[in-house]
Amino acid sequence: MRAVVARAAAAVDAARLGRRHLELASIGAIGETGLNREALTDADFRARDLVLSWAAARGYRVLMDGIGNTFIRRPGRNEALAPVVTGSHIDSQPAGGAYDGAFGVLAACEVLEALDDAGIVTERSVEAVIWTNEEGSRFQPTTMGSAVFAGRLPLDQALRASDTAGITVATELDRLFKRMPAVGRREFGFPFAACVEAHIEQGPILERSGIPIGAVMAIQGLRWFTVRVTGETGHAGTTPRVARRDALMAAVAMVQRLTELMADPADVVRFTVGRFEVLPNSPNTIPSDVLFTVDFRHPDAGVLARLGDQVASTCQANALGCTVSVEETLDAPPTVLDADVTERIRRVTAEIGLAQMDIVSGATHDAKYVALTCPTGMIFIPCRDGVSHTVLEYAEPEQMVAGARVLAGVVASLAME
Ligand code: GLV
Ligand code: MN
Ligand code: MN
């Protein structure tokens with residue numbers, strides 16, 4: 001087994017990985033380094049075309065499920081066995097970077113080709129996956145494709161999700177399926193033997209520690225809410241205070257009280273209001289409607305429950321005469337990843353001669369849903385200054401190669417069993 005791991009890892013082609021990273025990063029590029037490739041946009045479709053062109057060049061079969069999750073299959077000796085799967089996402093934040101998600105997909109493609117190049121015939125098939133709409137910026141919630149795949153989000157609910165222009169997931173998926181008539185279909189929940197996702201850390205721990213590989217033990221939990229506040233519009237110069245139902249004043253009071261609720265001297269709670277929309281958005285008109293989102297995360301399920309359960313009541317208690325609705329769009333508990341896969345990541349990393357450390361993920365990942373269906377692990381690599389979800393995101397080419405080598409070794413060893 002050690003020989004197979006070493007051969008698979010050594011066959012990762014640094015030049016190919018680097019070239020493909022630049023090619024993929026050019027689709028939806030903003031500025032020198034950034035990326036705007038939100039889910040199910042034309043840029044997302046073109047990025048999929050590019051990845052599938054690599055698959056076609058190797059003769060790999062491509063399958064897609066009903067939410068657009070895309071699987072590229074390199075057959076093993078025994079096609080009847082459940083495959084070992086690796087991958088991530090290629091959608092991005094509206095002003096994101098070229099590594100979040102993309103690295104995991106590039107590394108997955110590299111694994112398939114490295115196995116070919118090393119002449120390794122695996123027992124199980126190996127698949128690279130692109131999960132649909134991991135980011136959740138255009139369509140809520142985040143990790144939509146893997147949630148539907150794992151049966152944690154009803155397909156019809158996902159299909160109804162709409163962006164700020166009122167375009168639904170269903171409409172965009174229709175366009176995707178029409179673009180790819182030749183792609184085979186796969187059912188949700190198709191059994192995997194194991195899954196491994198490679199990703200940039202998106203935080204500062206590996207870089208600060210000077211360690212190239214993180215073996216991810218757990219992913220913290222998160223809850224998402226969409227709050228809609230409805231008041232009454234009117235003239236800014238003439239409407240007396242008593243006659244006002246100002247949706248923005250109410251929303252500001254809610255955010256203030258939520259900030260107090262989430263205050264944590266230990267700095268473990270993560271609380272973010274990332275979207276704030278005001279109507280009619282005119283300087284001299286009282287705001288009638290506000291929509292804002294809450295992203296709340298914690299590694300402890302008890303804290304997630306205790307604080308998260310107070311979000312709706314805190315908003316209601318600060319309505320200032322307006323009408324409030326609070327919709328919970330995501331409730332994902334903390335995930336402990338598979339101990340055996342994580343141990344295998346440690347072992348392979350050591351065999352390749354790289355240093356590693358255990359780490360808990362602050363960011364969320366499709367792996368948390370896949371972990372409900374099969375033994376699942378994650379490999380992290382460092383990113384510069386620990387920043388992500390910004391155009392400044394960056395990982396060194398050598399760090400990507402190191403992560404891809406560990407991934408190749410882990411996947412090869414899993415696929416031989
Ligand atoms: C993933 O994009 C996250 O929000 O953690
Ligand atoms: Mn990601
Ligand atoms: Mn992200």
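Hi everyone, let's start at the metals: the manganese ion (ligand 2) and the manganese ion (ligand 3) are 3.7 Å apart, and Asp100 coordinates both. Asp100 lies in the loop between E6 and helix H4 (102-117), and His199 in strand E9 (residues 194-200), so the pair ties together parts that are 99 residues apart in sequence.

A word on what you are looking at. This is a predicted model, where local features need pLDDT of at least 70 and side-chain atom pairs count only at pLDDT 80 or more, while totals for chains, interfaces and linings use all residues. Residues are numbered from 1 along each chain as its sequence is written, chains are lettered from A and ligands numbered from 1 in the order in which they are written, and side-chain values use heavy atoms, leaving out hydrogens and water.

Which residues coordinate the manganese ion (ligand 2)? They are His89 (NE2), Asp100 (OD) and His199 (NE2), at 2.0 to 2.3 Å. Donors here are N, O and S atoms within 2.8 Å of the metal (3.2 Å for Na, K and Ca); water is not among the atoms, so sites may look incomplete.

Is Asp100 buried or exposed? Asp100 is buried, with a relative accessible area of 6%, and His199 is buried too, at 1%. Buried means under 20% relative accessible area, exposed over 50%, and partly exposed in between (1.4 Å probe, protein chains only).

Conventions:
Helices (H or I, at least four residues) and strands (E, at least two) are DSSP runs, numbered from the N terminus.
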